[in-house]
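Please look over the structure shown here before reading on. The briefing is arranged by topic.

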Amino acid sequence: MMTEHGKDASQRVELRERIITAATEAFTSKGIKSITMDDIAAALGISKRTLYEVFSDKESLLKECILKAQADRDKYLQKVFEQSHNVLEVILAVFQKSIEVFHQTNKRFFEDIKKYPKVYEMMKNRQDSDSMKTMSFFKTGVEQGIFRPDVNFSIVNLLVREQFDVLLNTDICNEYPFIEVYESIMFTYIRGISTEKGARVLEDFIQEYRKNRIEY
């Protein structure tokens, strides 16, 4: 009896993971509003009733998709941090990962997310907590001789966050490719806070990155 119960629990966990994976793919490639719970159930070959037994509504499903993406990002960041020589290498690796994610994400996803207040609030809170981690990161970068000690990183951090909001809320990406705009923000900002040592690390990365990006 216990074995059967364990099997049911295991199948439920597996189904839950399959739903989150399918929903994440659908939301990021087509936007959130255009995807219904019917679409997700059909993509998985399950009934809508089964889907609603696992997730009571679309917003609770979206929330789990975001939490899973954040957990995956944290795991990736930890792995990169353990293998890197300095904080700039970590920032650049995360930048590269972000580019991959943006490549796969429909701009409508970022517009639609604001229509789900609980999820949007959760993302904003996470952004605030990430900002605190970023500040300790900058401090380590100064100690490693990668970032300049005369920079007010609170202001820099705030400006970068604001720029990404501007990026999502203006038509600049209709005029220029998203990647080009994103790179301009990131590279300009990193150059401005780097010492000569940091600038060399950045230039080496940019050369390698651009070479690979052309192939990409």
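Predicted model: local features only at pLDDT ≥ 70, side-chain atom pairs only at ≥ 80, totals over all residues.

Residues are numbered from 1 along each chain as its sequence is written, and side-chain values use heavy atoms, with hydrogens and water left out. The protein contains 11 helices and 0 strands, where helices (H or I, at least four residues) and strands (E, at least two) are DSSP runs numbered from the N terminus.

**Overall fold**

- The C-alpha trace of the protein spans about 65 × 45 × 35 Å along its principal axes.
- Of the 216 residues in the protein, 37% are buried, a term that means under 20% relative accessible area, with exposed meaning over 50% and partly exposed lying in between (1.4 Å probe, protein chains only).
- Taking contacts (heavy atoms within 4.5 Å) between residues at least 6 apart in sequence, 70% join residues at least 24 apart.

**Nonpolar cores**

- A nonpolar core is a set of buried Ala, Val, Leu, Ile, Met, Phe, Trp, Tyr and Cys residues joined through side-chain atoms within 4.5 Å, and the largest one here has 30 residues, of which Leu 88, Phe 95, Phe 147, Tyr 189, Ile 190 and Ile 193 touch the most other members.
- At least two residues of this core come from each of α5, α7, α8 (153-169), α10 (178-193) and α11 (196-215), and the largest share, 9 residues, is supplied by α5.
- Leaving aside residues up to four places away in sequence, Leu 88 touches Ile 146, Phe 147, Ile 190, Ser 194, Gly 198, Val 201 and Leu 202.
- A second, separate core of 27 residues includes Ile 46, Phe 110, Tyr 116 and Val 119.

**Packing of α5 on α7**

- Helix α5 (residues 87-103) packs with helix α7 (residues 117-143) at an angle of about 135°, their axes being 9 Å apart; axes are lines fitted to C-alpha atoms, for helices over the stretch in contact, and angles run from 0 to 180 degrees between N-to-C directions.
- The two helices α5 and α7 are therefore oblique to each other, given that angles under 35 degrees count as roughly parallel, over 145 as roughly antiparallel, 65 to 115 as roughly perpendicular and the rest as oblique.
- Val 87, Val 90 and Ile 91 of α5 make the contact with Phe 137, Thr 140 and Gly 141 of α7.

**Salt bridges**

- The structure holds 12 salt bridges, each being a side-chain nitrogen of Lys or Arg within 4 Å of a carboxyl oxygen of Asp or Glu.
- In one of them, Glu 64 pairs with Arg 16, with the closest N and O atoms 3.2 Å apart; because Glu 64 lies in helix α4 (residues 58-83) and Arg 16 in helix α1 (residues 2-30), the pair ties together parts that are 48 residues apart in sequence.
- Glu 64 is partly exposed at 21% relative accessible area, and Arg 16 is partly exposed at 33%.
- Lys 48 and Asp 38 also meet in a salt bridge (3.2 Å, N to O), linking helix α3 (residues 48-54) and helix α2 (residues 37-44) through residues 10 apart.
- Glu 111 forms a salt bridge with Lys 107, the closest N and O atoms being 3.7 Å apart, and both residues lie in helix α6 (residues 107-112), 4 residues apart, about one turn of the helix.
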